[in-house]
Amino acid sequence: MDLAYYYELWRGMMLSKDPAVAAEWWQVLFVRFYQAFLENDRWQQYLKGAGTTLYVTAIALCIGVALGVLVAVIRTAHDQQRPGRKNPILGLVNFVCRVYVTIIRGTPMMVQILIMGMVIFSSSRNFTMVGALTLGINSGAYVAEIIRGGLMSLDPGQMEAGRSLGLGYFDTMRFIVVPQAFKAILPSLGNEFIVLLKDTSMINVIGGQELVKAAKDIINRTYDAMFPLIGSALVYLVLVLIFSWLQGKLERRLRQSDRR
């Protein structure tokens, strides 16, 4: 039952002065709403799907941040080498990182999920974790570029000052460079994490269990797509709003710490 059906009912109600027509329109809406959310406690499926979505997002986020930081530090260290003192091993690792970023950013997320689920892990039955791994690897490439851009945007004198104080490269990055860069890249990282949350909806193409999969299961039982899909969209919207609120709160706290 598509939107055209509801539109025709609404149009008939608006054109007709018969109260029975209006009652029929409201009755159809209530029945479809009841079947999508209340019948057999189907609202629990949405909550379970939302919980799985958050779980997958958390796993992918950890993988993406770990990969992103590693790749960003390697590429930044390679680019900041002094002329005439190039490390060949670092150059090789940097090349691998560049290939990884290029492939991930140059191919669609959907294709990556299908390759991981139907080719690389075709024998696995835990498609939800396969999807989380794929999302994490994909996010890592974008996080790496965000972090690398933040690190490269800082004054090179920050690194030189840390090294002059006797700190090693990684200690200088950890205590001096990264804290300053984090404040600059926080909005971009927040946007990437929001995109990651919404991209979890794509793992259902390989059988991953999440919010959209729960909505599709309900559609297969009620033969009505409007209310399950609108319901899942509202859940995503609420999650994004909560995440955006937390991001804004963190940004304000960081600005307050700068003033002090």
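**Exercise 1. Find how many aromatic pairs the structure holds, and classify the pair of Phe-33 and Phe-37.**

*Solution.* Start with the count: this predicted model holds 4 aromatic pairs. Rings of Phe, Tyr and Trp (its six-membered ring) pair if their centres lie within 6.5 Å; planes under 30 degrees apart are stacked, over 60 edge-to-face, and the rest tilted. Next, take Phe-33 and Phe-37: their ring centres are 5.0 Å apart and their planes stand at 45°, so this pair is tilted. Helices (H or I, at least four residues) are DSSP runs, numbered from the N terminus.

**Exercise 2. Are Phe-33, Phe-37 and Phe-227 buried or partly exposed?**

*Solution.* Recall the cut-offs: buried means under 20% relative accessible area, exposed over 50%, partly exposed in between (1.4 Å probe, protein chains only). Phe-33 has 35%, so Phe-33 is partly exposed. Phe-37, with 16%, is buried, and Phe-227 is buried at 15%.

**Exercise 3. Describe the pair of Phe-33 and Phe-227, and name the cluster they belong to.**

*Solution.* The centres lie 6.0 Å apart with 80° between the planes, an edge-to-face pair. Now place the partners: Phe-33 is in helix H2 and Phe-227 in helix H10 (residues 226-259), 194 residues apart, so the pair links distant parts of the chain. Together with Phe-37 and Tyr-46, these residues form one aromatic cluster.

**A note on the numbers.** Residues are numbered from 1 along each chain as its sequence is written. In this predicted model, local features need pLDDT of at least 70 and side-chain atom pairs count only at pLDDT 80 or more, while totals for chains, interfaces and linings use all residues, and side-chain values use heavy atoms, leaving out hydrogens and water.

Note on methods
Helices (H or I, at least four residues) and strands (E, at least two) are DSSP runs, numbered from the N terminus.
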